[in-house]
Amino acid sequence: MSGGRDGSGPSGEKVVLKRSLGLTSCIGFVIGIVIGTGIFISPKGVLLGVNGSVGWALVIWTLCGLISIAGALCYVELITCYTKSGGEFTFLLDAFGPVMAFLRMWTLMFLIGPSSNAVQALTIANYVIVPFFSCTEVPQTSVVLIAMCVLLLIFFINCMSVVWTARLQVFFTIAKVLGLVILIITGLVFLCRGYTENLENAFANANINPRGLPSAVYSGIFAYSGWDYISSLTEEVKTPEKTVPRSVVISMTSVIIIYLLANIGYFSLLTPQEVLSSDAVGADFGEKALGNWSWLIWMFVALSATGNLNGAVFGRTRTFFVAAREGLLPEFLSMIHIKHLTPIPAIAISLPFSMLFVLVGDALVLIKYLTFIDWTFTAFVVAIIPYYRWKYKDMRRPFRVPLVVAIVFLVFTVFILAMTCYSSPLYSFLGVIATLAGVPVYFVCVWWKSKPKWLSDFILRTNLFFQKFFFAIHQEQKTY
């Protein structure tokens, strides 16, 4: 199947993923994914973990930001060492083999990916609709329908154009940063007017319980999560050796500053007790500071979650595309639309599962089950750095993170794993079981090569059907 005489697209250009993401687009993706709903939710968890101490809460926010930068820089070294997209899947495949890589892809495709998509879509729907039902209960059917419409729109744009997806991400990033800037400026104005009592003597009478610190760190890290998705876009980034490190440093530094100023802004009007009793700190601050204009905060939270969803869909689907190209998923998922030059099959495969989790409504519970697994794979990925420094001393490394940074972050991931096991042993165990369920799937669908002819023919016909359905062909030029 082809779009032109030489098998190229209608315009005669090669059917290939183009390097269309520059520094601005990469910064937009990182900030757009990292700044989600966490900054509006996590302040309560951080403050609770430090027993209501404002000063120590700000210290935890800074510490979590620095830890996140350390992790991001570890991934940057691996990104610049490899020339393939796929992120963690690619790293694990090369270092530990196909079984480990398949299990990572399994959790992303069927568990973590669709469940987190559903949570973000439902969050967007709730924040869009709540201002219109301030006096009555929000109809759940309306929330579900809006969430499904959001998913359809985001997936449609991702299918149609890489450039427009990147532009949309930059727009959402600007919108969410603008919202936080309004929040920050509002808080600073109140501070200048003398509303400083919540920040005075911030460390005085701090009675910190060491047992609460892990939960404070966990809440802070949740707000900084998402920086790893840049590793899935390597083949679509212009000069990744330069662009990726710059974008990560600029983005994560900006996020730390924004988060610290946002928390200071919160405490200009909200007492520690009010923050601890709030489930939506940003919304409560908006009602106090903006009055009738508080709907702006709700709108900015919705835009923030939409940017997070858009970036996550873009990043995860590239992992599925690369996994199929490596033979660990059905062949049609490694094909590119001959006109739009996007991996439409790999994008579309995630939509029905995301829709299903929206209808089920228990996606947030599933994410709790898989937190332990998520951090386990992160530990394996970061462990590649010291392992390869020993095994492949002369390996091409355009960017080298100091080894001590990798070791410190690895120790931190082990700390997170131990904390998760201690606080949620059942969730951790069930997460492991859900992940290991992918092992028999791997051996049947990937490892078993001598399939009967009828099954091989069925797989061939299925791939051909979806190739025609999606109007897609194999990549015509290597980009890695």
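Contact here means heavy atoms within 4.5 Å. By that rule, Ala121 touches Ala147 and Leu151, leaving aside residues up to four places away in sequence. This is a predicted model, where local features need pLDDT of at least 70, side-chain atom pairs count only at pLDDT 80 or more, and totals for chains, interfaces and linings use all residues. Residues are numbered from 1 along each chain as its sequence is written, and side-chain values use heavy atoms, with hydrogens and water left out.

Ala121 is found in helix H5; helices are DSSP runs (H or I, at least four residues), numbered from the N terminus. Ala121 is buried, with a relative accessible area of 0%, where buried means under 20% relative accessible area (1.4 Å probe, protein chains only). Ala121 and Ala147 lie 26 residues apart in sequence and 4.7 Å apart in space, C-alpha to C-alpha.

Ala147 and Leu151 are among the buried residues of H6, which also include Val143 and Phe155.

| Partner of H6 | Residues |
|---|---|
| helix H5 | 98-129 |
| helix H7 | 162-192 |
| helix H12 | 295-325 |
| helix H13 | 344-348 |
| helix H14 | 350-360 |

How far apart are the end C-alpha atoms of H6? They are 31 Å apart, which agrees with the 30 Å that its 21 residues (140-160) should span at 1.5 Å a residue; the expected span is 1.5 Å times one less than the number of residues.

Elsewhere, Gly265, Tyr266, Ser268 and Leu269 in H9 meet Val281, Gly282, Phe285, Lys288 and Ala289 in H11.

Definitions and conventions. Helices (H or I, at least four residues) and strands (E, at least two) are DSSP runs, numbered from the N terminus. Buried means under 20% relative accessible area, exposed over 50%, partly exposed in between (1.4 Å probe, protein chains only).
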